[in-house]
Amino acid sequence: MVVENMGLDHVAIKVRDLEASIEFYRDVLNMAVSDRIGEAVAFLRTPAVAEQSQHHELNLTQMSDEELAALADRDELELDLHEFERDLPEDGPPMLPTTGPIYHIAFEVPDFEAIGNAAEKLNARDHPIYRGPGRHGPGNNIFLYFPDPDGNPIELTAEMEKAPEAGGKPAKRWPRTPETWNVWLNTENIGDSGSE
Ligand SMILES: [Fe+2]
């Protein structure tokens, strides 16, 4: 190994429209701009919910004209996020539509109530919700998934199980089933299961 100890610090993504992305992360997720570099880059920090809040957890970089032209050539410049939402498979994984190799970016919120409130407010804004609220088997964390303006799925999560080093469960291999991905699917059969 080259280091003996580390933590995940920040994520950097390229975006189609930097101003639109800043607006989303600021107005929807209450992040703040820490610094900017010209017109091309913005550094954003999370609210102080997570103890590790710092100068930035997210770096947004404007795509170049060449990258935008390539998306335009493939007719992928404009995204209908509601169309992705409508095309989601009815039950279980594979579940999140993505526009690039990033599968999702997860932010920690204090509790389940915060996730429920977020779902309500996203509905009020007519913002697509891809999945959730639900609870993952591995990690035992509650989740809610919805897209940013580029279609990168955002996950809000709470109650993540602690690492074994901190008293959590030892590692195991889970079956590849919808119920592993969302343990609440087990009880959804009682009512209409098509809504989430
Ligand atoms: Fe996740």
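Author: We can begin with the metal site. The iron ion is coordinated by H104 through NE2 and by E155 through OE, at 2.1 to 2.2 Å. Donors here are N, O and S atoms within 2.8 Å of the metal (3.2 Å for Na, K and Ca), and water is not among the atoms, so sites may look incomplete. This is a predicted model, in which local features need pLDDT of at least 70, side-chain atom pairs count only at pLDDT 80 or more, and totals for chains, interfaces and linings use all residues. Residues are numbered from 1 along each chain as its sequence is written, and side-chain values use heavy atoms, with hydrogens and water left out.

Reader: How many residues apart are H104 and E155?

Author: H104 sits in the loop between α3 (81-86) and β5 (105-108), while E155 belongs to strand β8 (residues 153-158). Helices (H or I, at least four residues) and strands (E, at least two) are DSSP runs, numbered from the N terminus. The pair links distant parts of the chain, and the separation is 51 residues.

Reader: Is E155 buried or exposed?

Author: Buried means under 20% relative accessible area, exposed over 50%, and partly exposed in between (1.4 Å probe, protein chains only). H104 has 29% and is therefore partly exposed. E155 has a relative accessible area of 3%, so E155 is buried.

Reader: Which residues does H136 touch?

Author: H136 is in the loop between β6 and β7. Its relative accessible area is 9%, so H136 is buried. Contact means heavy atoms within 4.5 Å. Not counting residues up to four places away in sequence, H136 touches N141, F143, Y145, E155, T180, W181 and V183.

Reader: Where is the cis peptide bond that ends at P133?

Author: Most residues other than glycine have a negative phi, and most peptide bonds are trans. P133 is part of strand β6 (residues 131-135). The cis bond, with omega near 0°, runs from G132 to P133.

Reader: What is the phi of N140?

Author: N140 lies in the loop between β6 and β7 (142-147). With 31% relative accessibility, N140 counts as partly exposed. Its phi is positive although the residue is not a glycine, with a value near 55°.

Reader: And what is the phi of D75?

Author: D75 is in the loop between α2 (65-73) and α3. Its relative accessibility is 68%, so D75 counts as exposed. D75 is not a glycine, yet its phi is positive, at about 60°.

Reader: Which residues are in contact with I129?

Author: I129 is located in the loop between α4 (112-124) and β6. At a relative accessible area of 13%, I129 is buried. Leaving aside neighbours within four places in sequence, its contacts are E85, A119, L122, N123, L144, Y145 and F146.

Reader: Which residues does P47 contact?

Author: P47 is placed in the loop between β3 (41-45) and β4 (58-62). With 28% relative accessibility, P47 counts as partly exposed. Neighbours within four places in sequence aside, P47 is in contact with L29, N30, M31 and S53.

Reader: How far apart in space are P170 and K121?

Author: P170 is in the loop between β8 and α5 (178-181). Its relative accessible area of 68% is why P170 counts as exposed. P170 and K121 are 49 residues apart in sequence, and their C-alpha to C-alpha distance is 36 Å.

Reader: In what order do the elements of the protein run?

Author: The protein has six helices and eight strands. From the N terminus on, they run β-α-β-β-β-α-α-β-α-β-β-β-α-α.

Reader: What is the radius of gyration of the protein?

Author: The radius is taken over C-alpha atoms, and the globule rule is 2.2 Å times the number of residues to the power 0.38. For 196 residues, a compact globule would have a radius near 16 Å. The value for the protein agrees with this, at 18 Å.

Reader: What share of the residues is buried?

Author: Among contacts between residues at least 6 apart in sequence, 55% join residues at least 24 apart. Of the 196 residues in the protein, the buried ones make up 37%.
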